[in-house]
Structures are given as structure tokens and as C-alpha cells.
Amino acid sequence: MNNALKITAFAAALAATFGTAYGVGRGVDPLVAAEGRPAAQHGGHGGDEEEGAAPQTADHVPGGLQVSENGYALALETPTLRAGTRGEIRFAVKDDTGRKVTAYQREHGKELHLILASTDLTQYRHLHPVRAADGTWSTPVELPEAGGYRVFADFTPAAKKAGNLTLGADLAVSGAYRPAALPAPAAVAEVDGYRVVLEGGLRAGQAGELKPSISRNGRPVTDLEPYLGAFGHLVALRSGDLAYLHVHPNEGGPGPVVSFTATAPSAGTYRLFLDFKHGGEVRTAAFTVRVAPSERDGGEHGGNSAGTPAGHAH
């Protein structure tokens, strides 16, 4: 266990014993790391494996678990924020010479996508930071809950040999910590009067299709607006270490069904965040799903991550 994990585990033990919080650095505001341990950096893992999860091999580490990869590193310049207060996240991507990267390929309409999630997976933000000429990225943010968070930078450097990368770093948000349990798995999510039903399922190590359908006031939404080059954007994070899944939108739209293809690295519990745009506003529907073991590992055929029969998406 690396130093970051030891500190997080110690903090969690203090919280459980005294029901209080601790300060960040020299500040007097309390902070307690969230229940789910943050991911270890440099390819390690955070905390115990999710039940049924397969260990990762050195040559295949899911995105977001490493702060550096293929000669690029995520340098988070603001590792702490205060809950309930508008702040700013500043960071840079540095190459193997230590220089800030200023040239990127555009993916889904952006040079870089910044995802922010609490380690208990109850808070989520998809942010679009602005890059300064020197390569420093920044974006305003306000987080309502204290605890441990993970910052994910999803980008493709202009140097083609690097390919697409997702690097992760830990963020601490100070304030009174209130532990929250991960919502139970469900195939239906409600947000701002919209009802989103998730069909399809995932099996470890195999590509699977997820097909959320969107309705409002009992009527299918057939006029979704493009968002990031598609009619929806889906992010999946694994409970426990917050491994980041690359989820690819399939052609189709503008609703009510949005289709995605994803491959989960292991069995276990995941949190899915669906961003969709309608009426000029982006909304996020969140699901907790269970990924079945691969068939070669003895998983039963036909299970579905969201609790609905498999095959409905096909």
C-alpha cells in the first residue's frame, strides 16, 4: 500500500471512531476522505478489490488509475478546495521533459475532457476547462459535499504515438463530511422531470451495449440536441478504485434511445453517468450497475448490469 492509501485509510478509521472530521494542511475546516478509497497513482489500486473483480495486470491498467502514462503526467496545481464555495481547479499535462503540453487533438469537440467524481460516486461533474497559452488549464467549480474526489483528464496529445490517455489525480474537498452509501442498482433514473430507462448489460472483458431511453411526462423524447458531437455522453466508473471506462457512442438519435458500447475491465459494481442535452440544457442521469463475470470465469449467461433481462438492447 502506498503512502496516499495509508493516509486515506487512517483518515477513514478516525472518522469511523470519532464521527468527526480532520483539517486539510494548516486549515481549520474539517475533511474526511469519502468511503471509497481513491485510486492509487502510478498504476496501483485503491483499497480492497470489489467482490468478483479481477486483479489488473501490469500491461493492462484501466484509465484514471495512473497519474502518468506513456511519457505524460497530470500535474494538479490545486489539490484542495472548500465545500460549498466557488473555487477554481488548475492543472497541466506535462511531457517527459517536464514541459506543459499545448498541442492536443480534438475529441468529441474538445481538446480535453475533465471529469470530477467523489470517491463514494455520489458527486459527479463533467467540466470543460480553458487552456492558457502556456498549457495551464483552469475551470471554475463548486462542490457541495466534502470528502475525497478524483480528477480525470481525458485527452489525446497531438503526438500521435501517445494515443488517447486518461490520467487521474486526487482532490481533497474540506468541510463537514457526511458519508453516503452508493445507491442500489436500478434500471431507472429520474432527473428534472425526465425518466431514463437503461437497457442492455455488461460482462467483464467483453464489449457490451448500453441503451438508455429518455422520456418526459410519459412521452418519448425524440428531439435530443447534440452534445459533444453525439446525442449523449456516458462515463462509467468502477466502485472502489474509480477505474475509468472509455464508453463510445454509437450512431443514432435524436432519441429517445441513445446507444453506447463499453467494455468493463472486471466484474463488480459501477456507477454510470449519462449526460444528455434537451431544451438547451445538459442534464445528468446516474445509474448503479453490476457487471457480470466473464463467461470463462464461470459467470452465468444472461445477467444484466441494471437488473433487467439481458438481450433487450439487441
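Both Tyr 194 and Phe 276 are buried, where buried means under 20% relative accessible area, exposed means over 50% and partly exposed lies in between, as found with a 1.4 Å probe on protein chains only. This is a predicted model, in which local features need pLDDT of at least 70 and side-chain atom pairs count only at pLDDT 80 or more, while totals for chains, interfaces and linings use all residues. Residues are numbered from 1 along each chain as its sequence is written, and side-chain values use heavy atoms, with hydrogens and water left out.

**Aromatic pairs**

- A search of the whole structure finds six aromatic pairs, a pair being rings of Phe, Tyr or Trp (its six-membered ring) with centres within 6.5 Å, called stacked if the planes are under 30 degrees apart, edge-to-face if over 60 and tilted for the rest.
- The rings of Phe 91 and Trp 137 count as stacked because their centres are 6.3 Å apart and their planes stand at 10 degrees.
- Phe 91 belongs to strand β6 (residues 87-94) and Trp 137 to strand β11, so the pair ties together parts that are 46 residues apart in sequence; strands (E, at least two residues) and helices (H or I, at least four) are DSSP runs, numbered from the N terminus.
- Phe 91 is buried, and Trp 137 is buried as well.
- Tyr 194 and Phe 276 form an edge-to-face pair, with 5.5 Å from centre to centre and 70 degrees between the planes.
- This pair links distant parts of the chain, with Tyr 194 in strand β15 (residues 194-200) and Phe 276 in strand β22 (residues 268-278), 82 residues apart.
- Ring pairs also link Phe 91, Tyr 104, Trp 137 and Phe 155 into a cluster.

**Sheets**

- Strands of a sheet pair through backbone hydrogen bonds, in either a parallel or an antiparallel way.
- Five strands make an open sheet in the order β3-β4-β6-β11-β10, and the pairing is antiparallel; two strands pair if DSSP finds at least two bridges between them.
- The edge strands of this sheet are β3 (68-69) and β10 (130-131), each of which pairs on one side only.
- Strand β10 is joined by two bridges to the antiparallel strand β11 (residues 136-141), and Val 130 stands opposite Ser 138 in β11.
- An open sheet of four strands has the order β19-β18-β22-β23, again with antiparallel pairing, and its edge strands, β19 (244-245) and β23 (281-291), each pair on one side only.
- Strand β18 (residues 233-238) and β19 run antiparallel and are joined by two bridges, with Leu 237 opposite Tyr 244 in β19.

**Backbone features in loops**

- Most residues other than glycine have a negative phi, and most peptide bonds are trans.
- The peptide bond from Gly 253 to Pro 254 is cis, with omega near 10 degrees, and Pro 254 lies in the loop between β20 (247-249) and β21 (260-263).
- Another cis peptide bond joins Gly 255 and Pro 256, with omega about 0 degrees, and Pro 256 is placed in the loop between β20 and β21.
- His 108, although not a glycine, has a positive phi of about 50 degrees; His 108 is found in the loop between β7 (104-105) and β8 (112-118) and is partly exposed, with a relative accessible area of 33%.
- Leu 121 is a residue other than glycine with a positive phi, near 65 degrees; Leu 121 lies in the loop between β8 and β9 (124-127) and counts as buried at 1% relative accessibility.
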